[in-house]
Amino acid sequence: MRLTAALSIAATLGAAQATILGFNSGASDDKGNAKSQQDFEREFKAAKSLNGAPGDFNTIRLYSNIQWNTPDTPIAAFPAAIATNTSLLLGIWASGTDNIDNELKALTAALDEYGSKLADLVIAISVGSEDLYRVSEPGLRNKAGVGQNAETIVGFIKDAKTRLASTALKGKPFTHVDTWTAWVNGSNKAVIDEIDFLAVNAFPFYESELDNKIGNAGPLLSDALAATDGVAGGKDVWITETGWAYSGPAFGAADATVDNAGEYWQDVGCKLFGKRNVFWYTLRDANPANEVKFAITDNLSTTPRYNLTCPTDSGELPKSSPTGNNSTTPTGNGTSSSNGTNTGSGSSGSGSGSGSGNGNVSGPAGSSPTAPIQSGAGSFISISMVNSMAMALSVVFAAAAWAL
């Protein structure tokens with residue numbers, strides 16, 4: 001990450017918190033209704049008051065700046081964050097549109113109203129969520145919804161930087177959120193070049209073509225992160241969505257149970273907290289159409305469904321076995337087709353179709369994962385090969401940059 005970006009985040013969070021602990025927050029509630037300021041305040045307060053939590057979950061990732069079912073009204077999460085002193089990873093929804101004017105209109109209107117009270121809470125700005133995955137071959141095959149190609153996302157990021165350069169958000173770091181297979185796809189390198197850090201959504205629960213039982217969740221996530229780190233060119237990698245379902249249908253060997261959700265928190269989450277920036281999916285279910293439920297609380301109770309207390313030393317995430325058993329992974333590497341759509345096989349860590357604030361673009365309200373993400377048939381290689389290729393790509397990219 002660029003030094004100025006790191007300093008901006010550090011200034012927002014304060015020296016006492018070395019890494020970010022947060023949750024994702026959709027624009028609607030689990031009935032599909034727009035959240036009010038009071039709804040957001042209750043949610044943000046609950047996030048900070050969870051019994052047994054291993055730290056202060058004082059940061060929220062938003063998917064949009066727009067209030068649900070409005071064209072460009074600033075989202076009610078803004079005054080709620082100010083009232084509760086909650087830090088924000090802002091989201092600019094980028095799918096299903098040829099511009100981000102309404103998102104920027106809503107955000108600048110909020111800045112005009114709240115000024116530094118809002119800007120000082122913003123740790124970073126994300127432009128788009130899983131757009132690159134949706135236009136990839138597996139995304140199209142799985143009918144993941146409308147996305148955008150790398151050229152469009154880069155254009156949106158540049159637009160946002162230009163439009164916000166004269167506001168109180170000047171100097172804030174920018175990112176894009178996507179799946180690890182989108183990041184290791186060489187067709188998307190221009191996005192990596194344009195952002196300050198990479199943000200990855202990863203759900204072993206949905207990797208149904210692998211042996212994704214709960215006992216293998218740690219290695220699967222570890223592999224996804226290693227592959228993303230390998231192409232990041234030294235930039236930070238944040239985890240913007242991960243979690244395990246407590247209710248709903250099984251995907252492959254992954255069963256949605258409270259016990260498994262708790263085991264994922266203990267065996268995976270506790271090994272990440274304090275070591276990486278993590279936004280857990282999720283505190284509150286937000287998509288009524290989704291059968292799969294992830295919320296760690298019921299009705300925002302501060303008593304969670306399972307034990308959140310982490311051991312004093314949780315250790316590191318386990319790596320895949322060198323034999324490739326239970327750990328083979330599609331390459332995710334692909335090329336760009338003539339229309340700019342990424343092609344290539346790969347297993348995404350997520351299936352989220354994240355709704356915007358106005359309810360008129362691709363994706364359900366509240367940004368809940370909605371579909372299993374399946375890897376391409378016949379494209380499996382060992383994760384060690386994936387990581388080697390990723391590392392090689394990063395070396396090539398660095399050499400090219402040096403030559404320029």
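Colleague: Which residue stands opposite Val200 in E7?

Modeller: Ile239 does. Before we go on: this is a predicted model, where local features need pLDDT of at least 70 and side-chain atom pairs count only at pLDDT 80 or more, while totals for chains, interfaces and linings use all residues. Residues are numbered from 1 along each chain as its sequence is written, and side-chain values use heavy atoms, with hydrogens and water left out.

Colleague: What do names like E7 stand for, and in which sense do E6 and E7 pair?

Modeller: Helices (H or I, at least four residues) and strands (E, at least two) are DSSP runs, numbered from the N terminus. Two strands pair if DSSP finds at least two bridges between them. Here, strand E6 (residues 198–201) and E7 pair in the parallel sense, over four bridges.

Colleague: Is strand E7 buried or exposed?

Modeller: Buried means under 20% relative accessible area, exposed over 50%, and partly exposed in between (1.4 Å probe, protein chains only). In strand E7 (residues 237–241), five of the five residues are buried, so the strand is largely enclosed by the rest of the structure.

Colleague: Which residues touch the most other members of the largest nonpolar core?

Modeller: A nonpolar core is a set of buried Ala, Val, Leu, Ile, Met, Phe, Trp, Tyr and Cys residues joined through side-chain atoms within 4.5 Å. The largest one here has 93 residues, and Phe205 and Trp265 touch the most other members. Helix H8 (residues 150–164) gives this core its largest share, seven residues. There's also a second, separate core of seven residues, with Leu89 and Trp238 among them.

Colleague: How many aromatic pairs does the structure hold?

Modeller: Rings of Phe, Tyr and Trp (its six-membered ring) pair if their centres lie within 6.5 Å; planes under 30 degrees apart count as stacked, over 60 as edge-to-face and the rest as tilted. You'll find 22 such pairs. Take Phe203 and Tyr206: their ring centres are 6.0 Å apart and their planes at 65°, so that pair is edge-to-face. Trp265 and Trp280 have centres 4.9 Å apart and planes at 65°, so they are edge-to-face too.
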